[in-house]
Amino acid sequence: MALVELYDIRKTYRVGDQEIAALDGVTLSIEAGEFLAIIGPSGSGKSTLMHLLGCLDTPTSGRLLIDGIDISRASNNELAAMRNAKIGFVFQSFNLLPKFDVLRNVELPMVYAGVSAKVRKERAMEAIERVGLTNRIHNTPLQLSGGQCQRVAIARAIVNNPKIVFADEPTGNLDSHTGEAILTLFRELAASGRTIVIVTHDNTIAARLPRRIEMRDGQIRIGVEAQVSNTAPLAPSSTEVVAR
Amino acid sequence: MNFWFGLLIGLKEIGAHKFRSFLTMLGIILGVASLLAMFALTEGIAQGMREMLAASGGVERVEINTKDPSEELQDLAFLSPGRTMDDVDALRKGAPLIDLVSPEMVMGNTAVSRSNKTIRLNVSGVCPEFAEVGKFEIEAGRMIGQADIDSVNRVAVIGASVADELWPENPDYIPLGETIQLNGTPYRVIGTFAMCESDATKRKREAGVSAVQDERRIRRVGKKKAAQANKYDTYWQKNHAVIIPVTTLFFDFRTASNADGSPNRKLDRLSIRVANLSLFEEALNQVRAVLIRTHRGIDDFGFDTREEWFDNIESSVRATRLSGSFIAGISLLVGGIGITNIMLASITERIREIGVRRAIGARQRDIFIQIVVESGVIGFIGGLLGLAAAGGMIQLLILLSPTENAPIITTSAVLISFGFAVGIGILSGLYPAWKASTLDPIEALRYG
């Protein structure tokens, strides 16, 4: 079974009395250890897709399994637990907590996982070492460069040893040189067996990744995405449409 | 999320905005301070009133007074001898629920003199029980004893102020063995009572303002009136007591004092002490049964208990405390609204942070707890500072008015005030916490 499986995922938003389909029947699977890009222009639905994959939201209809767990109708708390244990996020604007130093920022996901202080520190130090910032652990984000901040964010994303890491335009706020270094870091992480999904509109980045999923109008563009799993079980029945 | 981590975040958040946090806390600080100061003030006043009650004999003391007999007995009222020493003997023998009986014959406006110095006071003829029932304390010498009663000795025990006023040239003189004249009859002073004063008066005396204030008051209301006003004061009365054996008073002054020249055997005051307060009513019934016989079936006596006095103290203290806490409570409430306001502003500032926390796995409950802990910490610190401020406020009150009843800070008042502060802190965080925890993480991440 694939790490992530999506069957006919739809996500619609109501704007006034108009229904807008952000995702319009997406079927997709991601295997463990893959390193892939989701690309597409703004409004294509790639952010919505990432939010669903990242357990920040649930689909209007369809089935979504992550690591074998069906989260299509998961509760708020279940989603939070999934995010905490199985998912790491890296954001375009780093989203570090400015009042905490590097160590505390990286420890944060483990705080919500209920890890003891001693183990927290050990594991945070490991993750920080992995991104090469061991000498900056007591600096606050304001004292770091953009590239360093993104490294801290990556350390935070991998510290709980998640099944999959999502990076939303991770190089968008960085100059090309620094961005390149961050990509290299991702590549290294991927090489060590991590599943990494980079969401970007930058084709030059996507082009260098082993697999690309191009979104257009809420759907995966046929022809570009050739590796869709065909092992999909029965399409979900209408009763599975989430009423929320 | 761990509570201690929440506490740490709360402290950090407060530390990051010290001035803002202090302003927010100020409402709580002042609220707690006024609540505690109010508790302490009412407690002080209550204490003063209880002291006065205790000084006059406490709740267990009951006065047996005269009253008109019931209507059907009014024609026979002359049969009753009234309150006499016979009542005293009968009560001592027939009312075991009463442990002390103190009769008193009062001779009003008596010239109490020593050489050329004369003051006019009430002189009482009493039994030895008088001291215990009236809570008098012997300072020097001894109290009138049963032997003095039996032998009709011309001896007197005087209050502290009497000694001061008769020997003005010699303050603190203890005139044991001296002779004083009561309406011209010589009596030997065998004892003096200790000065009896309230805490307030004591501090007044120690602060040395008494003389100045008294002078001012005398100037304002006139000397006579000022002296009169004094006489309603339990403490004044006790310090101006002149007592002699009841038998001596009778034989020296009462043998022919009735209009027809017959002796006046009637007591002017008859006090008893109930042995056990839990058998108060039973004791009164016993006394009634005894006295109805000595009074030949005429119910021309009644009871004056201090229970009502006591109840009045307690209920007026309760009323003061209630209205005081209501007002102080409002200021605490205003403080709480201040916290809510700041917490709402603070979460708006931190929407993105909340989004990040949610994205990395914080549950709604975790965010909720974090915000409530933060406002709770504000309440907690505000409460502590408020207690300190209350201490200062009370010192200020004492400084401004050193002669009133000293405010008394009780543990329960401290706990209640502090508990209120923390409670208000937590309560005022609930709404902002709910708002923060129900933010959509996606919206929150996009914010700003």
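User: In strand 4 of chain A, which residue is the bridge partner of R10(A)?

Analyst: The model is a predicted one. Strand 1 (residues 4–15) of chain A pairs with strand 4 (residues 61–66) of chain A in the antiparallel sense, over 5 bridges. Within strand 4 of chain A, R10(A) has as its bridge partner S61(A).

User: Which strands are the edge strands of the open sheet in chain A?

Analyst: The sheet is open and antiparallel, and its 4 strands follow the order 2-1-4-5. An edge strand here pairs on one side only, which holds for strand 2 (18–30) and strand 5 (69–70) of chain A.

User: Why do the buried residues of helix 11 of chain B line one face of the helix?

Analyst: Helix 11 (residues 246–254) of chain B has V246(B), T248(B) and L249(B) as its buried residues. Their cover includes strand 2 (98–114), strand 3 (117–126), helix 5 (146–151) and strand 8 (242–245) of chain B. Seen down the axis of helix 11 of chain B, the buried residues line one face because they fall within an arc of 155 degrees.

User: Which element of chain B gives the largest share of the side that touches chain A?

Analyst: The contact involves 18 residues of chain B and 18 residues of chain A. Helix 1 (3–16), helix 14 (351–359), helix 15 (364–400) and helix 17 (441–446) of chain B each give two or more residues to this side. By class, this side of chain B has 9 nonpolar, 3 polar and 6 charged residues. The largest share, 5 residues, comes from helix 14 of chain B.

User: What distance separates the centres of the two domains of chain B?

Analyst: Chain B is divided into domain 1 (3–54 + 314–446) and domain 2 (59–305). Taken over C-alpha atoms, the centres of domain 1 and domain 2 of chain B are separated by 54 Å.

Definitions and conventions
Residues are numbered from 1 along each chain as its sequence is written. Chains are lettered from A and ligands numbered from 1 in the order in which they are written. This is a predicted model: local features need pLDDT of at least 70, side-chain atom pairs count only at pLDDT 80 or more; totals for chains, interfaces and linings use all residues. Two strands pair if DSSP finds at least two bridges between them. A residue is buried if 20 or more other C-beta atoms lie within 10 Å of its own, exposed if 12 or fewer, and partly exposed in between; C-beta atoms are placed from the backbone. The arc is that of the directions from the helix axis to the C-beta atoms. Two residues are in contact if their C-beta atoms, placed from the backbone, lie within 7 Å. Domain bounds come from an automatic or database domain assignment. Ala, Val, Leu, Ile, Met, Phe, Trp, Tyr, Cys and Pro count as nonpolar, Asp, Glu, Lys and Arg as charged, and the others, Gly among them, as polar.
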